[in-house]
Amino acid sequence: MTEEATWSIKALDTGTSTIEGSIRTYLRHCGEPVSIPRVMWLLEGPTTIVVDTSVDPQLKPYEFFGESFERSREQIPENALKAAGVAPKDVEWVILTHLHWDHCGNCALFPEARVVVQEAELRYAIAPGRSFRVGYLSPGSGWPHLPSYLVPNLTTVRGQHEVVPGVTLLPVPGHTPGSQAVLVRTGSGTYCITGDAMMTYENIELDVPPGYHTDVDAAMDSLDLMRARTSLLLPSHDHSVFRDRPVTLIASQ
Ligand SMILES: [Zn+2]
């Protein structure tokens, strides 16, 4: 029997916002303020991988988008990585679940990594539908800077793709056209880092998709697809993934 690569997963708390509840749960919790974390995920195994790069506060994209954002010193991505025992130069791969401003904000921290996104997501991010331009900081949105995912080390993939043994990208469209989840083999089973295809455990408990989506039927299909692959789901914006802050060990290698 061949030995299969396994990975550890750590959740890094890199900031907090308060948003309107139905953004996470379609037509539920309308008008209710809800606190959400901004999560970076760290995978350690044969190499080091970061999934999603959180918010870059320098140019205040949260003000442009119209959301609050708070970050303590320990929640600064470099500091959270350091608390997890990792320096940015150690990171070989950066996987972006999608290109909304709050998931891809610090790509320049990792000039030596390969930054991976679905080709369909990159195409849509450059020229999104009118309702979605601001969320991507796209050229047509009025955002006066380059979006932070446009780095020289950006790489695209198409469809399901094994990045390295034990880490597989799974297309989960609906929230955005090119959203991808990340399936991670650990010592305690295969986890799914969902990106915004699942923002909170309530998406499963209430059986409703995230409220922000380009295709609501595809968003439900993607929830079903992820559930069919594993019960170990890690949503993007749910404080309950954290037991410790800024770093929670989710699964060991
Ligand atoms: Zn998103």
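**Fold and core of a predicted chain**

A compact globule of 253 residues would have a radius of gyration near 18 Å, and the chain, at 17 Å, agrees with this; the radius is taken over C-alpha atoms, and the globule rule is 2.2 Å times the number of residues to the power 0.38. The model is predicted: local features need pLDDT of at least 70 and side-chain atom pairs count only at pLDDT 80 or more, while totals for chains, interfaces and linings use all residues. Residues are numbered from 1 along each chain as its sequence is written.

Along the principal axes, the C-alpha atoms fill a box of roughly 50 × 35 × 35 Å. The chain contains six helices and twelve strands, which are DSSP runs numbered from the N terminus (helices H or I, at least four residues; strands E, at least two). Of the contacts with a separation of 6 or more, 68% join residues 24 or more positions apart; a contact requires C-beta atoms, placed from the backbone, within 7 Å.

Seven strands form an open sheet of mixed pairing, in the order β6-β5-β4-β3-β2-β1-β12. Its edge strands, β6 (154–157) and β12 (247–251), each pair on one side only, where pairing requires at least two DSSP bridges between two strands. From one strand to the next, the twist averages 30°. Helix α3 (residues 119–126) packs on the sheet, touching β5 (114–118) and β6, and its direction makes about 80° with that of β5; such angles run from 0 to 180 degrees between N-to-C directions of lines fitted to C-alpha atoms, for helices over the stretch in contact. Within the sheet, β2 and strand β3 (residues 48–51) run antiparallel and are joined by four bridges; L43 has I49 in β3 as its bridge partner.

Buried residues make up 45% of the chain (buried: 20 or more other C-beta atoms, placed from the backbone, within 10 Å of the residue's own; exposed: 12 or fewer; partly exposed: in between). The largest nonpolar core has 56 residues, of which W41, L43, V50, V94, L96 and I193 touch the most other members. Strand β2 (residues 33–44) supplies the largest share of this core, five residues. Such a core is a set of buried Ala, Val, Leu, Ile, Met, Phe, Trp, Tyr and Cys residues joined through C-beta atoms within 7 Å. Beyond its neighbours within four places in sequence, W41 contacts I9, A11, V50, V51, D52 and I193.

Strand β8 (residues 167–171) has four of its five residues buried. Three bridges join β8 to the antiparallel strand β7 (residues 161–164), and five join β8 to strand β9 (residues 180–186), also antiparallel.

Definitions and conventions. Two residues are in contact if their C-beta atoms, placed from the backbone, lie within 7 Å.
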